[in-house]
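Good morning, and thank you for making time for this item. I would ask you to keep the sequence and the structure in view while I speak.

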Amino acid sequence: MAVTKILARKGRLDIGINYVLNGDKTEERVLTAHLNCDPGRECRQMLDTKRAVGKADGVQYYHMIQSFKPGEITPELALEIAKEFAQEHLPGYETVIGVHVDREHIHAHILFNSVNADTGEKYHSNAQSYYSQIRGISDRLCREHGLSVIMQGESAKAVSYIEWLRQSKGQPTFRSMLEADLRTAIEDANDLGHFFMLMEHKGWEISHGNRLGFRLRGQERFMYPGRKNPLFTEDGIRAAIQGNLEDIEAGRRPAVIYRPPFQPYKKHPKYTGFMALYVHYLYVLGKIGQRRYPPRMTPQLRQEVMKSERYREQFAFLRDNAISTQADMTAFQTHTEETLATLTKQRTILNVRKKKRRWLYAALANAEALAPAKTLYEDGLSGMEAEYDRYLEAVAVLEKCGIPRDRLMTEKAEIYEQLAEINRQIRAERKKLALCREIQSRLPQIEKEIEKIETKDEVIRDDDRRR
């Protein structure tokens with residue numbers, strides 16, 4: 001039995017030819033064959049054919065795969081069937097054949113030029129010609145060699161790589177898949193920069209803002225898991241990476257310590273009927289006392305409480321930084337602005353370095369994230385064509401740059417860690433600067449309020465003396 005599929009390719013010819021003739025997959029090229037072209041000159045001859053007829057654009061080659069049932073065929077017979085197929089269906093086309101034996105199932109790759117060397121016409125394939133020619137010839141050759149064939153029925157429904165990944169992991173939502181990848185990356189990361197790199201290599205785009213956002217390539221909106229789980233905030237991730245993941249998940253310590261939110265008073269329900277009668281009787285007997293309700297907090301009182309909290313924070317800031325005079329405040333604000341400018345400059349330099357390497361970092365992420373798609377494509381799963389093309393492009397970029405992949409990953413993780421640390425310092429300095437400006441803007445108002453209170457107290461003391 002042979003499962004067949006044909007793919008049109010617009011990428012580089014040499015990459016496709018090298019993949020089909022890969023010695024590691026074809027027993028050192030023993031299981032290969034050439035039709036209408038010479039070994040070692042396949043790519044040159046195909047390109048010359050295209051230039052001769054002026055059809056060098058568009059589809060460069062077609063890639064057909066014949067996947068056989070495990071244990072039903074030998075590699076030599078698979079090569080013979082592929083050659084017979086090419087001779088019957090592809091006369092005049094320069095063709096390269098390779099039988100790969102690196103998987104459980106033996107599969108033949110047939111790559112042929114999109115332009116016929118004899119007629120100069122381009123090859124065309126559609127659903128009708130696929131079933132009447134490719135599928136029909138392949139099934140007939142299988143029968144002639146004593147192999148089983150696929151019974152006609154409904155065609156398999158192709159699924160995208162992301163959908164297949166979700167189904168295979170048993171994760172019905174993107175959010176649950178994101179949380180699983182977050183936990184895996186936290187366990188494997190050495191620092192925050194390494195964590196960002198691992199998440200990017202898993203196929204996630206990252207938004208660095210007030211909250212960390214993640215989305216898969218192709219999604220429109222970012223997801224912010226830190227809203228519901230403090231473990232997935234930047235501070236929570238940093239603490240977990242430092243070795244506190246088990247304590248956080250066991251509940252022995254929080255990921256991030258927050259101030260408890262305000263809980264409004266809930267009035268006790270009013271009893272009626274028999275319950276009210278029993279409560280009144282217990283009160284008469286002296287077994288229970290009258291409930292003392294706390295005073296209801298009015299909006300004005302709530303504002304005053306919030307204002308006192310802000311004043312307490314500002315006082316702690318002044319005390320911790322030994323600011324007692326206007327000169328101290330001016331000096332501290334100037335120093336903070338200079339520090340912020342220095343950090344911003346450092347971040348700009350790092351962003352420029354990152355931008356220069358962006359094409360390499362993107363290729364590195366694509367190669368890591370799409371490696372499972374490459375395996376699925378080679379196994380014959382439909383729906384992996386676009387991902388496989390992107391994987392080949394990413395690998396070609398990495399090979400062309402000449403930098404070892406390990407060194408590139410280390411460099412990327414270091415830049416990401418430095419950017420994360422500088423962003424954290426910038427946020428801290430901006431908060432200090434905001435407190436400085438808020439304190440300076442409130443000083444005149446505080447002085448007026450103090451003067452008003454002191455004047456009122458003096459008037460009260462004068463009235464007491466007169467009495």
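Helices (H or I, at least four residues) and strands (E, at least two) are DSSP runs, numbered from the N terminus. What we have here is a predicted model, in which local features need pLDDT of at least 70 and side-chain atom pairs count only at pLDDT 80 or more, while totals for chains, interfaces and linings use all residues. Residues are numbered from 1 along each chain as its sequence is written, and side-chain values use heavy atoms, with hydrogens and water left out.

I begin with confidence. The pLDDT, the predictor's confidence in each residue from 0 to 100, averages 82 over the chain, and 87% of the residues score at least 70. Strand 4 (residues 95-100) has the highest mean, at 95, and helix 5 (residues 161-169) the lowest, at 55. Over residues 151-159 the pLDDT is below 50, and this stretch has nine contacts (heavy atoms within 4.5 Å) in the model beyond near neighbours in sequence.

The chain contains 15 helices and seven strands. Of its 467 residues, 38% are buried, that is, under 20% relative accessible area with a 1.4 Å probe, protein chains only.

Next, helix 11. The expected span of a helix is 1.5 Å times one less than its number of residues. For the 31 residues of helix 11 (residues 326-356) this gives 45 Å, and the end C-alpha atoms are 45 Å apart, which agrees. Its buried residues are Met-329, Phe-332, Gln-333, Thr-336, Leu-340, Leu-343 and Leu-350. Helix 10 (299-320) and helix 15 (405-466) are included in what covers them.

On a 1 Å grid over the protein atoms alone, a cavity is a set of points where a 1.4 Å probe fits but cannot get out, and a pocket is an open set with protein on both sides within 12 Å along at least five of seven lines; lining residues have an atom within 4 Å of a point.

The second largest pocket holds about 470 Å³ of space. Among its 22 lining residues, His-208, Asn-351, Lys-354, Leu-419 and Asn-423 are the closest to its centre. Helix 15 gives the most to this lining, with seven residues.

Which helix gives the most to the lining of the largest cavity? Helix 1 does, with three residues. This cavity has a volume of about 50 Å³, and its lining includes Ile-15, Gly-16, Tyr-19 and His-63.

How values were computed:
Buried means under 20% relative accessible area, exposed over 50%, partly exposed in between (1.4 Å probe, protein chains only). Grid points are joined across faces, edges and corners, and a volume is the space filled by probe spheres set on the points.
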